[in-house]
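Subject: Structure handover

Hello,

Here is the structure we spoke about. My notes follow below it.

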Amino acid sequence: MKTASPFLELEAAPARATVWFDGEPLDLPQGANLAAALLAAGVAVFRHTPASGAPRGPFCLMGACFDCLVEIDGVVRQACMLEVEDGLRVTRPHEAEDSGAPV
Amino acid sequence: MRQCDVIVVGAGPAGMAAAATAADAGLQVALLDEQPRAGGQIYRDVDRVAALRGGILGKDYTEGRALTAAIRRDGIEHLDGAVVWAIEDGFCVSYTRAGQAAQVSAPKVILATGALERPMPLPGWTLPGVMTAGAGQILLKQSGLLARRAVLVGTGPLLYLIAAQMVRAGTPPVALVETQTRADLMRANRHLGGALRGWPYLAKGLAMLAELMRARVPRYTGATTIAIAGDGRAEAVTFRSGGKPRTVACDTVFLHHGVVPNTQAARSVGVPHRWDAAQHCFNPVVDAWGGTAVAGVFLAGDGAGIGGAKVAETAGRIAALKVAEELGRLSADERDRRAAPLNRLRSRQTAIRPFLDAAYPPFAEALAPADATLVCRCEEVTAGEIRGYAKLGCIGPNQTKAFGRAGMGPCQGRYCGLTVTALLAEATGQTPDQTGYYRIRPPLKPVTLGELAAMDDGARDAAE
Ligand code: FES
């Protein structure tokens, strides 16, 4: 789960937002990159792999690796391509299938 | 469908420069980029961030504002937050933006899709807390985040840049674990003549090293048998250096041994690629203008072959001049007159490359990983399994899909493709060119049914 943050924030963002991660409320900077904000809040494990259940967290932060996948409103999405919004409910992806309901 | 003269994919230095130059020549430009704000990875979020921490990031970063300013003008429609998932003949580019799929068409396309970190498969590289060095840069640039206890692993100037920025910000890395050897540097010296033309670059590198020395950041060079250890997340880097086994405790690891062209979009439209032995990667085949074997498709920037931000900017301008001429907005003479100084500039800007390629070669252990190491992160396929496929008669990356799921996960081979090619080539004795690469087909990025619902039938077909 959440641990003490391995990251230091250079400046505290003034506007905050409440984001729920796996049912737990987090106080994150409004408008920040979601993956970065979760990392800063001490979330290390974003998902578990469908193949072996191994824990994963963001690797590239530029939308290429898909290791930051989370589930929002039933859709699996890349946290590093999203921004923090107040009230966002984020969970680790539930299903084994993790490619965002592609076609 | 919206029409314009040229579609530019990617708003990094190459894409921004291409868009601005095309607009200067009177073209209507659609500039598509995945990020909410222009800059690419190198100038990520520069407009917002330069004032906040320009001092830490340095002038090479903040001067990206000249490019972001140049694209705020008539003639350029900057579609930010646009994820391109298909590029089809003619050209029709399909993308998702704000939860809706849409399309734009133009007779010319300039792909400026930049670089990806070279895959660095090591034992433990999939543990949470292990990231690319590029990711470390993105965290610092965009979000002002610094890893409290980070070890930088690999080789190349980017490691020194990150380390120097961390020192300036007051949280130096725990250590640098560098893979290049003294012998590499000796070999590189043979290219010093060329490198001296790139002297400002070299001087910057030396200044960064001096910064690290003053901050007493431990540097281990010639490191081998590197692994990341940890129970459920990165806790230490283990390696051998100077003849001794070593362990450095940490909670973040940044990996880097060079960057490689992000070729997904170019491959998807059928641009031929060729193996580059000096840079250990596939490069798209381009002419001096960035033109390709696919008429109307141009490439610029690191996506066309690694050169760095300055080269990318120059190449973007050069490609745009050619596009403007082909569309009748510039005479061939005028095109050449404007391109001449740019070509001279580019040759100065690329002079440092042979030196860098020789001094900081990719880490051999990560080019041909040990059998137990995961190669395909998405589907968790090991190097040993890929070698096993070769024994069973698999000769190319597309055939691996008949044996297992390598390359079939959501990243579509972005972080395993080069390793799979290398492993198969090693096992079969064929060249990387003979071995080939994954066939890349749309959708280049996942697109959801909800996003597609708003599209017309033609576009939906393209996604299927
Ligand atoms: S961290 Fe790689 S896609 Fe988000």
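Which residue takes a positive phi just after helix 5 of chain B? In this predicted model, G144(B) does, with a phi of about 65°.

Helix 5 itself spans residues 133–143 of chain B and is mostly covered, with eleven of its eleven residues buried. Among the buried residues are A133(B), I138(B), L139(B) and L140(B), but also Q137(B), K141(B) and Q142(B).

The chain B–chain A interface

The contact involves 52 residues of chain B and 42 residues of chain A. About 3,800 Å² is buried between chain B and chain A, and carbon and sulfur atoms give 61% of that area. On the chain B side, L145(B), R148(B) and E380(B) lose the most area to chain A, yet together they make up 15% of what that side buries.

Four salt bridges are found across the interface of chain B and chain A. One of them pairs E380(B) with R56(A), with the closest N and O atoms 3.7 Å apart. There are also 15 residue pairs in polar contact between chain B and chain A, counting pairs with both residues at pLDDT 80 or more.

Several elements of chain B each supply at least two residues to the side that touches chain A, including helix 2 (46–57), strand 10 (130–132), helix 5, strand 11 (145–147) and helix 19 (449–452). Helix 5 of chain B gives the most, with six residues. By class, the side of chain B that touches chain A has 29 nonpolar, eleven polar and twelve charged residues.

Domains within chain B

Chain B is divided into domain 1 (2–116 + 260–330), domain 2 (119–257) and domain 3 (368–430). Six residues from domain 1 and five residues from domain 3 of chain B make up the contact between these two domains. The C-alpha centres of domain 1 and domain 3 of chain B are 30 Å apart.

Domain 1 and domain 3 of chain B bury about 520 Å² between them, with 71% of it on carbon and sulfur atoms. In domain 1 of chain B, L116(B), Q264(B) and F282(B) lose the most area to domain 3, together 74% of what that side buries. The side of domain 1 that touches domain 3 of chain B has five nonpolar residues, one polar residue and no charged residues. Across this interface of domain 1 and domain 3 of chain B there are zero salt bridges, and zero residue pairs in polar contact at pLDDT 80 or more for both residues.

Regards

How values were computed:
Residues are numbered from 1 along each chain as its sequence is written. Chains are lettered from A and ligands numbered from 1 in the order in which they are written. This is a predicted model: local features need pLDDT of at least 70, side-chain atom pairs count only at pLDDT 80 or more; totals for chains, interfaces and linings use all residues. Side-chain values use heavy atoms; hydrogens and water are left out. Buried means under 20% relative accessible area, exposed over 50%, partly exposed in between (1.4 Å probe, protein chains only). Helices (H or I, at least four residues) and strands (E, at least two) are DSSP runs, numbered from the N terminus. Domain bounds come from an automatic or database domain assignment. Contact means heavy atoms within 4.5 Å. Buried area is the accessible area (1.4 Å probe) that two parts lose on being put together, summed over both. A salt bridge is a side-chain nitrogen of Lys or Arg within 4 Å of a carboxyl oxygen of Asp or Glu. A polar contact is a pair of N or O atoms within 3.5 Å; within protein, one must be able to donate a hydrogen and the other to accept it, and residues adjacent in sequence count only if both atoms are side-chain atoms. Ala, Val, Leu, Ile, Met, Phe, Trp, Tyr, Cys and Pro count as nonpolar, Asp, Glu, Lys and Arg as charged, and the others, Gly among them, as polar.
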